Amino acid sequence: MHLTTPDYDTKADAYFGNVRRDIEPLLPPHAEQVLEVGCGAGATLHWLKQTGRAGHTVGVELFESAAAVARGRVDELLVGNAETLLPGRFEAGRFDLVLCLDVLEHMIDPWAFMTQVQALLKPGGRVIASIPNVRHLRVVLDLLLRGRWAYADDGILDRTHLRFFTRESALALMSPPGLQVSACLRRDPPRASPSGLVNLLSFGGTRDLFTRGYLIAARKG
């Protein structure tokens, strides 16, 4: 993955240390072997273990600065590029749960990577991914009306993103042979916000335009 470290050095600590409690509706009651790709400082894996949802936790993190914090929070840690690090590192069918939270869009070939994830899952295991929605109204209007595709330090057009997805293409990414999508949740604006009210008035017809991203779970077998 051809990323320049300075792009990540400017990010806030929350980028690497945020606990992703938003995945809770998609989690199994307990997963004995859990792998998180792009675990950052290990906050989410630590939360899963502390709440009894995870047994043995394994994290993969690209950056040493975040990995240094994660070492005290996870059972096993690998530092490096997951796209090249995972093949051959673990036995097939080891994991009950794999987390790919806002990482697939940073990869050179996320489609090949999802095939690797499928092989690492036990039968009945699941993968949960968080994927930004490039069809968001702000992105679409800037492109159509102003001819702008302006990268930023974070968000949907994060300058470190290499791939971009709509709901349809995100679901396709999560459905390689051997995996079947079991749930897709939207990261919608609050109902009381202007965007939320417009969405309600349109009876959900404009929902994809106000969705910042999708939480998708897929099962093996």
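I began with Trp-47, which is found in helix H3, residues 43-50. Helices here are DSSP runs of H or I with at least four residues, strands are runs of E with at least two, and both are numbered from the N terminus. I noted that this is a predicted model, where local features need pLDDT of at least 70, side-chain atom pairs count only at pLDDT 80 or more, and totals for chains, interfaces and linings use all residues. Residues are numbered from 1 along each chain as its sequence is written, and side-chain values use heavy atoms, with hydrogens and water left out.

**Trp-47.** Is Trp-47 buried or exposed? I found Trp-47 buried, at a relative accessible area of 10%. The cut-offs are under 20% for buried, over 50% for exposed and in between for partly exposed, with a 1.4 Å probe and protein chains only. Leaving aside neighbours within four places in sequence, I listed its contacts (heavy atoms within 4.5 Å); among them are Val-19, Arg-20, Arg-21 and Leu-27. The C-alpha atoms of Trp-47 and Arg-21 are 8.6 Å apart, although 26 residues separate the two along the chain.

**Salt bridges.** I counted 12 salt bridges in the structure, each a side-chain nitrogen of Lys or Arg within 4 Å of a carboxyl oxygen of Asp or Glu. Lys-49 pairs with Asp-75, with 2.6 Å between the closest N and O atoms. Lys-49 is in helix H3 and Asp-75 in the loop between helix H4 (64-70) and strand S3 (76-79), so this pair ties together parts 26 residues apart in sequence.

I then looked up Asp-102 and Arg-20, whose side chains meet in a salt bridge at 2.7 Å, N to O. This pair links distant parts of the chain, 82 residues apart. Arg-20 counts as buried at 10%, while Asp-102 is partly exposed at 21%. Arg-20, Asp-22, Asp-102 and Arg-187 are linked in a network of salt bridges.

**Cysteines.** How many disulfides does the structure hold? I found zero, taking a disulfide as a pair of cysteine sulfur atoms within 2.5 Å. Cys-100 is buried at 0%, and Cys-184 is partly exposed at 24%.

**Leucine patch.** Leu-144 is in helix H7, residues 137-146, and is exposed at 65%. Leu-141, Leu-144 and Leu-145 form a nonpolar surface patch with about 340 Å² of accessible area together. Patch residues have over 30% relative accessible area and no salt bridge; like charges are joined within 9 Å, nonpolar side chains (Val, Leu, Ile, Met, Phe, Trp, Tyr) within 5 Å. Accessible areas come from the Shrake-Rupley method with a 1.4 Å probe; for residues, only the protein chains shown count as cover.
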